[in-house]
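Please look over the structure below before reading the questions.

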Amino acid sequence: SKTEEGGNWKEEYVGKLSYEVGGTYDFSDEQKVGLIYKSRGFDFDNGAGTEGTYESTSINLDYYHQFQTKKEGVLLFSTAGLWWFESEADYDTAGATSLEVSALAIPLVLGVEAQANSWLTLRVSVKQNVFIDNYD
């Protein structure tokens, strides 16, 4: 797609094949594990001399545990997992430095879900990523 920016140049982003696949396996009503794999990429030209390619990949493995069943319409849940992310921006412009970023983290989530009425369920959660390795 092309979009016009303030001046007389045009930005252009051409998407590459991007996909996200995943699934879950239920151990029981209270426990399950999930896996998500994402891959994204595009070529870019900002119209002002910066051109290149961007690609990223991430893998997220989560363990989900439900502490209470939905008796009385309230559910307490938590997740813990392992998240890995890697991206690279490769600039074609002369003199520009390519940029690579990688991260490894443990995402922790604690949440509550409550049935407000027959058609509305409210969910509130807190998430904290504990970084194990973060480098560029």
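The questions and answers that follow cover the fold, the surface, the charged pairs and the rings.

This is a predicted model: local features need pLDDT of at least 70, side-chain atom pairs count only at pLDDT 80 or more, and totals for chains, interfaces and linings use all residues. Residues are numbered from 1 along each chain as its sequence is written, and side-chain values use heavy atoms, with hydrogens and water left out.

Q: How many helices and strands are there in the protein?
A: Both kinds of element are DSSP runs numbered from the N terminus, a helix (H or I) needing at least four residues and a strand (E) at least two. From the N terminus on, the elements run β-β-β-β-β-β-β-β. The counts are 0 helices and 8 strands.

Q: What share of the residues in the protein is buried?
A: Buried means under 20% relative accessible area, exposed means over 50%, and partly exposed lies in between (1.4 Å probe, protein chains only). The protein has 136 residues, and the buried share is 19%.

Q: What percentage of contacts between residues at least 6 apart in sequence join residues at least 24 apart?
A: A contact means heavy atoms within 4.5 Å. Among contacts between residues at least 6 apart in sequence, the share joining residues at least 24 apart is 49%.

Q: Which residue forms a salt bridge with Lys16, and which elements hold the pair?
A: A salt bridge is a side-chain nitrogen of Lys or Arg within 4 Å of a carboxyl oxygen of Asp or Glu. The closest N and O atoms of Lys16 and its partner Asp43 are 3.7 Å apart. Lys16 lies in the loop between strand E2 (10–15) and strand E3 (19–26) and Asp43 in strand E4 (residues 31–45), so the pair ties together parts 27 residues apart in sequence. The partner is Asp43, and the elements are the E2–E3 loop and strand E4.

Q: Which residue is linked with Lys16 and Asp43 in a network of salt bridges?
A: Lys16 is partly exposed at 34% relative accessibility, and Asp43 is partly exposed at 30%. The network of salt bridges that links these two also takes in Glu55.

Q: Is Glu113 buried or exposed?
A: Glu113 meets Arg123 in a salt bridge with an N to O distance of 2.7 Å. Glu113 lies in strand E7 (residues 99–117) and Arg123 in strand E8 (residues 120–135), so the pair ties together parts 10 residues apart in sequence. At 9% relative accessibility, Glu113 counts as buried.

Q: Over which ring does the charged end of Arg123 sit?
A: A charge sits over a ring if NZ of Lys or CZ of Arg is within 6 Å of the ring centre and within 35 degrees of the ring normal. The charged end of Lys32 sits over Tyr64, 5.0 Å from the ring centre. For Arg123 the distance to the ring centre is 4.7 Å, and the ring belongs to Phe77.

Q: What kind of aromatic pair do Phe42 and Phe44 form?
A: Rings of Phe, Tyr and Trp (its six-membered ring) pair if their centres lie within 6.5 Å; planes under 30 degrees apart count as stacked, over 60 as edge-to-face and the rest as tilted. Phe42 is partly exposed at 27% relative accessible area, whereas Phe44 is buried at 14%. Their centres are 6.3 Å apart with 65 degrees between the planes, and the pair is edge-to-face.

Q: Which residues do ring pairs link into a cluster?
A: A search of the whole structure finds 8 aromatic pairs. The cluster linked by ring pairs consists of Tyr13, Phe42, Phe44, Tyr54 and Tyr91.
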